[in-house]
Amino acid sequence: MARARARPLSAGLVAVMFVAAGLVAIGAFAAVWRRDLTAALAGVPLMFAGAGVAFVGIARFAAAGGPHVFGQEFAVLLAIAAAALVALGLGIAGREGSR
Amino acid sequence: MDSLHAIGFYVSSGISLAGGLGAALLPSRGPRAAALGITGVGLAGIYTALSAGFAAAVALLCYGGAAWLFANPRNRPLEDVQHPNWRQVGSIGAGTLLALLAYSAFRGDFSPATFYGGAFDVAAVGRLILAHDAIATEAVAVLVLVALVGATAMWRVRERGR
């Protein structure tokens, strides 16, 4: 009797979108759950990470006719914007002993 | 995607989600910042598995920088004065958001409508945003960036006026 061949492990657009949804939801949870507003700021990069994963995944799997570089470009933009927003938020909050 | 990349994707996804949960739930500043850095490492792994190497390098740099900023012990804590019930309502809202996003990711064809490119699903939206209307999407991104910079500049001017 011939043994059934094992299918190779793969990941598709649905798996990527699940991970993106998880990151966005965890970021939203962090933003609303933390009592300290500077700690709640950690939710912003998480949500941006989810959006970046969705962009790169869609560019990789769905926009096969177009250039993949667009999704990558948006992911880069989102990562830079996330770091900039953290710096801006912590800068607005200020440092202890500075006022 | 071959098996090696798929394994890398799933492992990196686990690392990234675990780091995100740590950043959301850990009580002290140092471990929370480290968790955010771990999220960046996982994110870079996801991008690498999806053939976006440059984005992986930038994500590693940016999330490492953000973690370093969060780890600074001199950051001023700002205690929120909102009612505790709002936190619970917000958590339920985050759970609902996860359910909605997961449902739309699973369904894919979330709308029965069709357009000139065929069925209207996640792949069609991706083609529209990243191929057909890429320039318009770029223009919106620049507009949002200018709005953010303008809002920050206005806030600085108002603060100096006080």
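Helices (H or I, at least four residues) and strands (E, at least two) are taken here as DSSP runs, numbered from the N terminus. On that basis chain B comes to 6 helices and 2 strands, and its elements run α-α-α-α-β-β-α-α from the N terminus on. This is a predicted model, in which local features need pLDDT of at least 70, side-chain atom pairs count only at pLDDT 80 or more, and totals for chains, interfaces and linings use all residues. Residues are numbered from 1 along each chain as its sequence is written, while chains are lettered from A and ligands numbered from 1 in the order in which they are written.

Of the 162 residues in chain B, 27% are buried (20 or more other C-beta atoms within 10 Å of the residue's own, with C-beta atoms placed from the backbone). Helix α4(B) is a handy one to look at: its 24 residues reach 35 Å from first C-alpha to last, close to the 34 Å expected at 1.5 Å a residue (1.5 Å times one less than the number of residues). Buried in α4(B) are A94(B), L101(B) and A105(B), and the buried residues of this helix pack against α1 (13-33) of chain A.

That leads to the meeting of the two chains. Contact here means that C-beta atoms, placed from the backbone, lie within 7 Å. The contact takes 60 residues from chain B and 60 residues from chain A. On the chain B side, α1(B) gives the most, with 12 residues. The chain B residues that touch chain A split into 39 nonpolar, 13 polar and 8 charged (Ala, Val, Leu, Ile, Met, Phe, Trp, Tyr, Cys and Pro are nonpolar; Asp, Glu, Lys and Arg charged; the others, Gly among them, polar).

Two helix pairs show how the chains line up. α1(A) and α1(B) pack at about 10°, their axes 9 Å apart (axes are lines fitted to C-alpha atoms, for helices over the stretch in contact, and angles run from 0 to 180 degrees between N-to-C directions). These two helices are therefore roughly parallel (angles under 35 degrees). Residues including G22(A), I26(A) and W33(A) meet partners on α1(B), among them S13(B), L17(B) and G20(B).

Among the residues involved are P45(A) and V56(A) from α3(A), and T39(B) and Y47(B) from α2(B).

How values were computed. Two residues are in contact if their C-beta atoms, placed from the backbone, lie within 7 Å. A residue is buried if 20 or more other C-beta atoms lie within 10 Å of its own, exposed if 12 or fewer, and partly exposed in between; C-beta atoms are placed from the backbone. Angles under 35 degrees count as roughly parallel, over 145 as roughly antiparallel, 65 to 115 as roughly perpendicular and the rest as oblique.
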